[in-house]
Amino acid sequence: MPKRSEEMLMDLWMSLLLVWITCVPCVSMTPIIGQSKSTQTGGSAVVASGLGEGQRLLSRAKRGWVWNQMFVLEEFSGPDPILVGRLHTDLDVGGKNIKYVLAGEGAGTIFAINELTGDIHAMKRLDREEKAEYTLTAQVVNADTDEPLEPPSEFIIKVQDINDNPPQFIEGPYRASVPEMSAVGTPVTRVTATDADDPVYGNSAKLVYSILEGQPYFSIDPNSATIKVALHGMDREMREEYLVVIQAKDMGGHMGGLSGTTTVTVTLTDVNDNPPKFSKSLYEFVIPEDLPVGKMGGKVKANDRDIGENSKSTYSIVEGDDQNMFEIITDSQTQEGILRLKKPLDYESKRAYTLKVEATNIRSEPSSGGPFKDTATVKIVVEDSDEPPVFSKPMYLLEVNENAPINTVIGTVTARDPDSTGSFVRYFIDRHTDLERQFNINVEDGKITLAKPLDRETDMWHNITVTATEVRNHSQISRAIVAIRVMDINDNAPEFATEYEAFLCENGKSGQVIQTVSAVDKDDPIQGHNFDYRLVPEMLNNPNFTIRKNLDNSISVLAKHDTFRRQKQEMYFLPIIVTDNGNPPMSSTNTLTIRVCGCSKDGIVQSCNVEAYVLPIGLSMGALIAILNLIMLLVLTENPLTKNEPLIIKDDEDVRENIIRYDDEGGGEEDTEAFDIATLQNPDGINGYLPRKDIKPDLQFMPRRRVDSSLLFYEFLYLCS
């Protein structure tokens, strides 16, 4: 190091000597009248010669500085200040009273000047990396008066670099990774070192890289500092991590250069280059035959030296499971193969199984020739267990006719004990599913019988649960569902779908549809409903209404004429017989009520009351009172004997029943079938008379008896009410 400094100092002095030789000043004395001229560096000295009075000869001495910049070595340390350079001017001749003045960066602190000789010294140790150059000014002044003799001149002192800074790895230490089994020359990472020395001057900042530790596994490019794989077949499973020491040396790597080091931790990343391997070639499991489906019967494990996704495997059964009794799945946490049941085991039918299972890597590297796999044998021994009875069917579907007699056998359920000992079985009905106890079962043979009559229209289905229990072990119980369907028989007569009330306009036309009537039946025949409608025999030839069948299993009621009037009769009752197509057929008589109403021209019903027809005639209250008095007078004059009788009729008498009387003797209970109750509720009947079913048609048209005049009064009151 001292030798190198001496060489650099010698180079500096040789440069200064060359500048001194080439820049020796030439002094020219040129007479100038009235003007003066300065050189490029400025400043001039005035010299006076012996001229006559009144005439002065001015001459300028050309100043010649022998420098334009100076150099000083950094980090120079010695007992005395180091001489940087010397200033000299042409004025400095023969005892001139001048001195040199220095100003600018570091003047007086870092740099000092000898006022007499112009020598500049560095007073402190300099560091180029802190400040590379200083700008200063020099000037010559009168030593006594400090009057400037020349303008100030600027110059630069440069700090000359020496190799005093070693290379540094600012970003170190480093971590890098490369796939295992990478080819030689595969780049791993790149490192970078910096040197604070001057990259322009000399080789102080020229770096060369090398590996101190990490060979023969890795190499480094000396110029680019790229680290590469140097050894073939580096296996992560053998060694995963390497510590590499990198050196950067300046001076181009030559002797005497400074150096710095860093570490690079290189990790080999995993590739799928190892197959899974079962820990055993043969696994044996004992599984009880009553193990539920879906439960685990055993575990197998294939180990893989790889890590992460490369170590994951899937398991499958490749041989020995022709009956599809088992399945094997992968536990994602433990990477074990879980053997589970897909179907129930039966010790009595098969007592052992031999399976071949395979473990296969999920991922495979194209260069590794995968996928990798391994196989193992699994032997399963079925262990006998006391099993509950087994029904011949999991669910039974039985049928029984509604209204079937009690103790009718509906069907039979059967169950057996699958164990080799073959215990007897007893049958029971779970009464929670038969709260009304409508069914019984024979505990010995499983026959289900009817305990109560069934009605399909009430409940079409009955679902009960039957249990089968072993005689020797009552804890072994099995259950089966029995669905009992109640079959329909024709035990319900059809009837009108609703209580119809039809309205007939007085101004209606003959053949006009008054009402469309449909029927419903609680029964449900297989072929569907097909109803037959007809009028009761007494009404077949009635002059007012007729029926017409429609295609949708309904009928239309039509008017036969257009002379219906409310004052004549405001309400009609039309009995209709509806018969189904069952076996045997069922029928019922339903009555359609038809009211005569006043309608608008558009056929819109406006009023259906007789009063609405009578009162609008325009009779005043006085006229009505007069008519009432006339009726009372007729009553009194016609039957004097009634004067003492009260006008109020007994509660149990019906005025309307007194209008039509028959001289035949009542038939007792037979009358309930002889008359239509709905018709009897109307005193006027269907056409003003009541047809009898038990009297010949020619006897029904008997003349009416005399009507008491008193009844006219009450009839009038009825109409006015």
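Which residues make a nonpolar surface patch of about 310 Å²? The patch is made by Leu397, Met460 and Trp461. Patches consist of residues with over 30% relative accessible area and no salt bridge, with like charges joined within 9 Å and nonpolar side chains (Val, Leu, Ile, Met, Phe, Trp, Tyr) within 5 Å. A salt bridge is a side-chain nitrogen of Lys or Arg within 4 Å of a carboxyl oxygen of Asp or Glu. Accessible areas come from the Shrake-Rupley method with a 1.4 Å probe, and for residues only the protein chains shown count as cover. Trp461 belongs to strand E32, residues 461-470. Its relative accessible area is 41%, so Trp461 is partly exposed.

The model is predicted: local features need pLDDT of at least 70, side-chain atom pairs count only at pLDDT 80 or more, and totals for chains, interfaces and linings use all residues. Residues are numbered from 1 along each chain as its sequence is written, and side-chain values use heavy atoms, with hydrogens and water left out.

The secondary structure of the protein comprises six helices and 42 strands. Helices (H or I, at least four residues) and strands (E, at least two) are DSSP runs, numbered from the N terminus. The protein has 721 residues, of which 38% are buried. Buried means under 20% relative accessible area, exposed over 50%, and partly exposed in between (1.4 Å probe, protein chains only). The accessible surface of the protein is about 42,400 Å². Carbon and sulfur atoms hold 53% of that surface. Among contacts in the protein with a separation of 6 or more, 66% join residues 24 or more positions apart. A contact means heavy atoms within 4.5 Å.

Two disulfides are counted, a disulfide being a pair of cysteine sulfur atoms within 2.5 Å. With the bonded cysteines numbered in sequence order, the pairing is 1-3, 2-4. In the disulfide of Cys505 and Cys599, the sulfur atoms are 2.0 Å apart. The torsion about this S-S bond of Cys505 and Cys599 is about -85 degrees, so the disulfide is left-handed. Cys505 lies in strand E35 (residues 501-505) and Cys599 in strand E41 (residues 587-599), so the pair ties together parts 94 residues apart in sequence. Cys505 counts as buried because its relative accessibility is 9%. Cys599 also counts as buried, at 14% relative accessibility.

The disulfide of Cys597 and Cys608 has its sulfur atoms 1.8 Å apart. Its torsion about the S-S bond is about 100 degrees, so this disulfide is right-handed. Cys597 lies in strand E41, and Cys608 in the loop between strand E42 (605-607) and helix H2 (611-614), so the pair ties together parts 11 residues apart in sequence. Cys597 and Cys608 are both buried.

Strand E39 (residues 554-559) is largely enclosed by the rest of the structure, because six of its six residues are buried. Ser554, Ser556 and Leu558 point one way from E39. Ile555, Val557 and Ala559 point the other way. Two strands pair if DSSP finds at least two bridges between them. Strand E36 (residues 513-520) pairs with E39 in the antiparallel sense over five bridges. Here, Thr516 has Ser556 of E39 as its bridge partner. Strand E38 (residues 545-549) also pairs with E39 in the antiparallel sense, over five bridges. Thr546 has Leu558 of E39 as its bridge partner. E38 and E39 form a hairpin with four residues between them. In the turn, Asn553 has a positive phi of about 70 degrees.

An open sheet of four strands has the order E17-E19-E22-E21, with antiparallel pairing. Strands E17 (277-278) and E21 (326-330) stand at the edges, each with a single partner strand, so one side of each is left without a neighbour in the sheet. E17 pairs with strand E19 (residues 296-303) in the antiparallel sense over two bridges. The bridge partner of Lys277 is Asn303 in E19.

Thr267 is found in strand E16, residues 259-269. Its relative accessible area is 18%, so Thr267 is buried. Leaving aside neighbours within four places in sequence, Thr267 contacts Arg175, Ala176, Ser177, Val178, Glu240 and Glu241.
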